[in-house]
Amino acid sequence: SDNKFSVIIAHSSLAWGMNYPASRVIFLAYNRGVEVVESIDIIQMIGRSGRYGIDPMGDAYILVPESQVNNYKAKYSKSNIIESQLLEKVGNNHKTLAFHLVSEIFTGGVKTTDDVHKWFKRSLAYFQNKSFDDSVVDSTLELLKKCGAIAEEEGIWKARTIGKVSSMFYMSPFDVSDLYFNFKNLFDSGKETDDLLVSLALGNIDSQRTNIVNKQEKEEISLFANQVRLKFSGKYLADGAIKSAFCYNSMMNGSNTQALASFQRNLQADYNRLGQVLIALDSMSGSWGKIGWFKTLEARIAYGVPVHLLDLCKIDSIGRVRANKLFDAGIKTSKDIAKLDASKLGKIINMKPESAQKIIDQAQGL
C-alpha cells in the first residue's frame, strides 16, 4: 500500500548502478561463474544495509561453504585500495580521460577550457596524483580536436559527430575517429566491394593497433599480412591492426581460425555495437548514404558468409554449410527454396522431409 519493496532479488548491477538501501542484505553466492566475487563488490553491496537516515542499523550475510568460512573471512576483511583509472595511459593516449572529456562536453557538463580544468581538479585522479597538471588535460583536448571529436567555437567546446557517437555508444573517440576516416576513404575511392580493404577499415583502429601478436598468430595471419603489405607497399601497418583485420575478413567469409579463435569470437560479440557506431556516423554526418550496406556487412559478420549466401541464411536452420550446399546445387535464393519439394531439399542438406518442409514453408512466407 505504501509502494515499498519487502524483498528485492537482484544481481550485482543493483549494487553498483542504483541507489537502493536495504535493512538486510543476503548473498546467496560468493562467485560469478568460475570467478570469486571480489572484496570491493562485497563491500559495495554490504553498503546497502542500514543506510544512514533510513535505518538505525543493518546487517549482511554471505553464504559460503562451512569449510571455507575462515578463508572468506580473511579475504573479505582486507581493505581495498581504489585507484582512479582516469589517467590510465594506453599507447600514447590517456584514453579514459579523453572519453570522459568528450562525454562531459557532449552533455554540457563543461563548456570552456577553464571548466575542463575545474572538472579535472574535482576528480579522484587529481587528488591521488597531483603531479599531473593542466598540461595533461590540454594535450588531451588538443588530441580530441585533432581527431575531429570536438571543436572550439568562440571559446566554447562542442562535440562534433565523432565525439557525439563516442559518447552515445561508449567507445573511444580515437577508435570512432579512425572508423569514420577509414570508411570515408573506402567509399570515396569506391572500394567497398574489396573485402580486404573493408576488413582493414574495421581493424586498423587505435585500440587494435596495440594488440600483441604472438608467434602462432603471426604464422596464421602471415599470408593475409603479405597480401595487405603488397597492397599498401611503403605504408606501415601495425601487426595488431592486421591481426584484427584478418579476423574480420575471416568472419565476413566464414573461415575458421585456430590460434585466433577466441580473439575472433570477442570481435564478433562486440560487432553489434560497432555496427551501430558505423550506422550512426553515416546517419548523423549525412556523408555516405550506406546504411543498407552497413546492415549487409553486419549480416555477413553474424552469419559468416559472403554476400551471395546472405539471402539463404535469412532462413532458420540454414547456416554457412547448408547455404553452400544449396548454392552449389543451383539454389541461390529463398525464392528458389520456396519452389522445392521437401524430399529434394532434404536430400541436398541431409535433412528429414518433415524438417525440410518447415524450411520451405518459411521461405514461402518471406
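Mentor: Accessible areas come from the Shrake-Rupley method with a 1.4 Å probe. The model is predicted. On that basis, the accessible surface of the protein chain comes to about 21,200 Å².

Trainee: What share of that accessible surface belongs to carbon and sulfur atoms?

Mentor: Carbon and sulfur account for 50% of it.

Trainee: How many of the residues in the protein chain are buried, as a percentage?

Mentor: Of the 366 residues, 39% are buried. Buried means under 20% relative accessible area.

Trainee: Why is Tyr170 called exposed?

Mentor: Its relative accessible area is 59%. Exposed means over 50%. Tyr170 is over that cut-off, so the label is exposed.

Trainee: Where does Tyr170 lie, and what is its phi?

Mentor: Tyr170 lies in the loop between α8 (161-169) and α9. Its phi is near 55°, a positive value in a residue other than glycine.

Trainee: Why is Ser317 called partly exposed?

Mentor: Ser317 has 48% relative accessibility. Buried is under 20%, exposed is over 50%, and partly exposed is in between. The value falls in between, so Ser317 counts as partly exposed. Its place is in the loop between α17 (310-313) and α18 (320-328). Phi of Ser317 is also positive, near 75°.

Trainee: What makes β5 and β6 a strand pair?

Mentor: Strands pair if DSSP finds at least two bridges between them. Here 4 bridges join β5 (residues 150-153) to β6 (residues 156-159). That meets the cut-off, so the two strands pair. They run antiparallel.

Trainee: Which residue of β6 is the bridge partner of Glu152?

Mentor: The partner is Trp157.

Trainee: How many residues sit between the strands of this hairpin?

Mentor: There are 2 residues between β5 and β6. In this hairpin, Glu154 takes a positive phi near 55°.

Trainee: What volume does the second largest pocket have, and which residues lie nearest its centre?

Mentor: The volume is about 340 Å³. The lining has 15 residues, and Asn182, Leu200, Asn204, Phe232 and Lys235 lie nearest the centre. The elements giving two or more residues to this lining are α9 (173-188) and α10 (195-203).

Trainee: How do you know the class of Lys235, one of the residues nearest the centre?

Mentor: Lys is in the charged class, along with Asp, Glu and Arg, so Lys235 counts as charged. By class, the lining has 8 nonpolar, 4 polar and 3 charged residues.

Definitions and conventions: Residues numbered from 1 in each chain as written. Predicted model: local features only at pLDDT ≥ 70, side-chain atom pairs only at ≥ 80, totals over all residues. Heavy atoms only, no water. 1 Å grid on protein atoms, 1.4 Å probe; cavity = no way out; pocket = protein on both sides within 12 Å on 5 of 7 lines; lining within 4 Å. Points joined across faces, edges and corners; volume = space filled by probe spheres on them. Buried < 20%, exposed > 50% of the residue type's maximum accessible area, 1.4 Å probe, protein only.
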